[in-house]
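Biologist: I am new to this structure and would like to learn how to read it. Could we go through it feature by feature?

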Amino acid sequence: MSTEAAEAPAPKAGLSGTAILETRAARKEFGGLVACSDIDFVVPERSIVSLIGPNGAGKTTFFNMLTGAYKPTAGEILFAGRDVGGLPPHRITKLGVGRTFQNIRLFQTMTSVENVLVGMHCRLKGGLIRSILRTPGVRREERDALVRARELLRYCGLSERIDDEYSMNLSYGDQRRLEVARALGSEPTLLLLDEPTAGMNPQESADFTRFVSQLRDERGLTILLIEHDMKVVMGVSERITVLDHGEKIAEGSPAEIQANDRVIEAYLGSGAAGGTGAGSGATA
Amino acid sequence: MIDKLPIPRWARRAILPIIIVPLVVLYPEYYTSLGTSQLIPTLSTAVTMTVFVCMAVGLNMVVGYAGLLDLGYVAFYAIGSYVAGWFASTQFASHSIVFGAVGVQSNAIGIHISIWLLLPVAAAMAAAAGVVIGLPTLRLRGDYLALVTLGFGEIIPQVVRNGDNMFGTGFNLTNGVAGITPIDPMGFRYLHGILPFLPDNFLLTPNLDVWFYRVGLLLVAITVFCSIRLRDSRLGRAWVALREDEIAAAAMGVPLMQVKTWAYASGAFFGGAAGCFYGVYQGGAIPDNFKLYISTLLLAMVILGGMGNVWGVCLGAAVLSYLNQQGLGAIGNTINSNFGTNIEITKYEAGLFGLLIVLMMLFRPQGLIPSSRRKAEFDVVKEEHETAGVVVG
């Protein structure tokens, strides 16, 4: 049973815009363990790209390299043409990469508005002395920031009632949305969503999928998401990259990925890939 | 009951300050009429209380806002005091610089700078020290950071204790165990000419503590004001965020090192100013005053009052510094004279404060006046414990 047929197809015409994110042989090792092995990866501007793979495939590690939480062992990570590999997270955020977390990491005893305001940190200027004096400039900046924070919360579908509520008291779905709002606060051009629909019911997932497309269409964002829910992945992505055991095993459009033997094997185990045709495989 | 009365919100919020502020400010005018009980804080105790309130509010910026445990805050107090010692005494006898100082001849030996100028200088030097220790150590987290600050809090007193012969060169920086004394007094040297009711020299007023108390209150007011402004600023939000979740804060664009360093520097700033003021009040900078005990006492004040809440910390600091300075001794004497016992209660001071902290942790871990954030946190912990109890039971 051949597993070599995983040649990544050339990018489709509609997606071949300039790459906003590109990794070249990005590699991360923990001791002897290779979590990400020489991954080449391209995200075109204003596209929606998904990263999928079985548990432990190295998806979150890859994310953490992109956002600066981990320093790559080798290879390059180019964001908007600039090598950002190994920069501290706050610098990468300032360059325009926003993210959410797999297991929600909101600031629990801060209100929704405050969470978004922290997200705006790198876009605000108020320094120590000027904050103490509360100069007219700082006053104006804070007022505008508050207005914008509330706008972002509305945009992400959160009601006014939760504005001054501690984020720990929000419902699960609202917390997920607040994470997106907070990430949008830093005015990203690339938004990384780490399993955003985990724990949502089918209805909520469907709503969220629409919201992701809307983010791209209305705000011009590029979106890269890690997702396990194949319905979401197939519904929203223009391109999909599949990781397994830290290696990229396939890349292509949803239809191509569904027909890919190696992907089916990675998800269902060897032997399963034999008789499957296009459209049947990896939808579980 | 009060909730039902038709009083506007701002008025309700103003009630407490309207009562408390005059009581505090006018204390020197009426405290003698409170009776002769030794439990009534003397003015000297009151001055000490203002100093400790300043330092506790400063420490609260580091511990309460940014969540960085600091066990060496006494170092900033020491730095503040020694700045007063260096620049307002005869310590550097080879120089003769007099600038705005009161109570010294214009040709006096040593450096004599006006205390009013030294207060910000001392604060800035303490803040700089905060940055210096901050940069290498703030990469550490939690307990490890606490240990390093503990070390720093020990190093500074050791340096001043042995600083009478720096590196064997014979240069006397700190005058060793004896400390630097006397330090020049405070006074309104220039304003006295325009506004005669402001004394020229506090030491020459009938009750010198009155003016020190007023200046102490001014320092408290400035410290509290700055603390609140910072809490509500972009920086204050970043502090809370990093206390909550460093990784998320960094991912949201908060530069961790910079923000932590600012927390350290601002906390140290007020410790330095308070230390300078206290050095002047005591008339000397003496190594024995800068013990680890002060750091733990300050931390106890923050915890007792309510970490993160300025008003709580003010209350905690006032209560503990009163007990430390006068209250415990007075209580002991009262007990002894009434029951014929012979207990020296001040000997058990550290044990009693320790007991107090243990009791607080058991029954009111969020402090006397908790901040709403801390309260929410503790409520969740409590809930979880109760749920866990149900499961186990």
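Biologist: In the hairpin of strand 4 and strand 5 of chain A, which residue takes a positive phi?

Modeller: The model is predicted. The residue is A:A80, with a phi near 50°, in a hairpin that has two residues between its strands. Strand 4 of chain A and strand 5 (residues 82–83) of chain A run antiparallel and are joined by two bridges. A:F79 is the residue opposite A:R82 of strand 5 of chain A.

Biologist: Which way does strand 1 of chain A run against strand 4 of chain A, parallel or antiparallel?

Modeller: They run antiparallel, and five bridges join strand 1 (residues 19–30) to strand 4 (residues 74–79) in chain A. One pair to look up is A:E22, whose bridge partner in strand 4 of chain A is A:L78.

Biologist: What should I know about side chains when I look along a strand?

Modeller: In a regular strand, side chains alternate between the two faces of the sheet. Keep that in mind for the next sheet.

Biologist: What is the strand order in the open sheet of six strands in chain A?

Modeller: The order is 6-7-8-3-9-10, and the pairing is mixed. Strand 6 (97–99) and strand 10 (247–252) of chain A are at the edges; each has a single partner strand, so one side of each lacks a neighbour in the sheet. On average, neighbouring strands of this sheet are turned by 20° against each other, ignoring direction.

Biologist: How many bridges join strand 3 of chain A to strand 9 of chain A?

Modeller: Four bridges join strand 3 (residues 48–52) to strand 9 (residues 239–244) of chain A, and the two run parallel. A:I52 has A:V242 as its bridge partner in strand 9 of chain A.

Biologist: Which strands does helix 1 of chain A touch where it packs on the sheet?

Modeller: Helix 1 (residues 59–66) of chain A touches strand 3, strand 6, strand 7 (190–194), strand 8 (222–226) and strand 9 of chain A, and its direction makes about 150° with that of strand 7 of chain A. Helix 10 (residues 261–268) of chain A also packs on the sheet, where it touches strand 9 and strand 10 of chain A. The direction of helix 10 of chain A makes about 130° with that of strand 10 of chain A.

Biologist: How do I read two helices packed against each other?

Modeller: Two numbers describe packed helices: the angle between their axes and the distance between those axes. Helix 3 and helix 6 (residues 172–185) of chain A pack at about 35°, with axes 6 Å apart. Their crossing is right-handed. Helix 3 of chain A contributes A:S112, A:N115, A:V116, A:V118 and A:G119 to the contact, while helix 6 of chain A contributes A:L178, A:A181, A:R182, A:A183 and A:G185. By class, this contact has five nonpolar, four polar and one charged residues.

Biologist: At what angle do helix 5 and helix 11 of chain B cross?

Modeller: Helix 5 (residues 115–137) and helix 11 (residues 256–282) of chain B cross at roughly 140°, and their axes come within 6 Å. This crossing is right-handed. The residues of the contact divide into 20 nonpolar, seven polar and one charged.

Biologist: What does the domain assignment give for chain A?

Modeller: It gives domain 1 (1–96 + 189–284) and domain 2 (105–187). Eight residues of domain 1 and six residues of domain 2 of chain A make the contact between them. On the domain 1 side, helix 2 of chain A supplies the largest share, three residues.

Biologist: How many residues does each chain give to the contact of chain A with chain B?

Modeller: Chain A gives 29 residues and chain B gives 27 residues. In chain A, helix 2 (89–95), helix 3 (112–119) and helix 4 (128–133) each supply at least two residues of the side that touches chain B. That side has 13 nonpolar, 10 polar and six charged residues.

Biologist: Is A:R210 buried or exposed?

Modeller: A:R210 is exposed, because it has 12 other C-beta atoms within 10 Å, and 12 or fewer counts as exposed. A:R210 is found in helix 7 (residues 202–219) of chain A. Over the whole of chain A, 48% of the 284 residues count as buried.

Notes:
Residues are numbered from 1 along each chain as its sequence is written. Chains are lettered from A and ligands numbered from 1 in the order in which they are written. This is a predicted model: local features need pLDDT of at least 70, side-chain atom pairs count only at pLDDT 80 or more; totals for chains, interfaces and linings use all residues. Two residues are in contact if their C-beta atoms, placed from the backbone, lie within 7 Å. Ala, Val, Leu, Ile, Met, Phe, Trp, Tyr, Cys and Pro count as nonpolar, Asp, Glu, Lys and Arg as charged, and the others, Gly among them, as polar. Domain bounds come from an automatic or database domain assignment. A residue is buried if 20 or more other C-beta atoms lie within 10 Å of its own, exposed if 12 or fewer, and partly exposed in between; C-beta atoms are placed from the backbone. Axes are lines fitted to C-alpha atoms, for helices over the stretch in contact, and angles run from 0 to 180 degrees between N-to-C directions. A crossing is left-handed if the near helix is turned anticlockwise from the far one by less than a right angle, and right-handed if clockwise. Two strands pair if DSSP finds at least two bridges between them.
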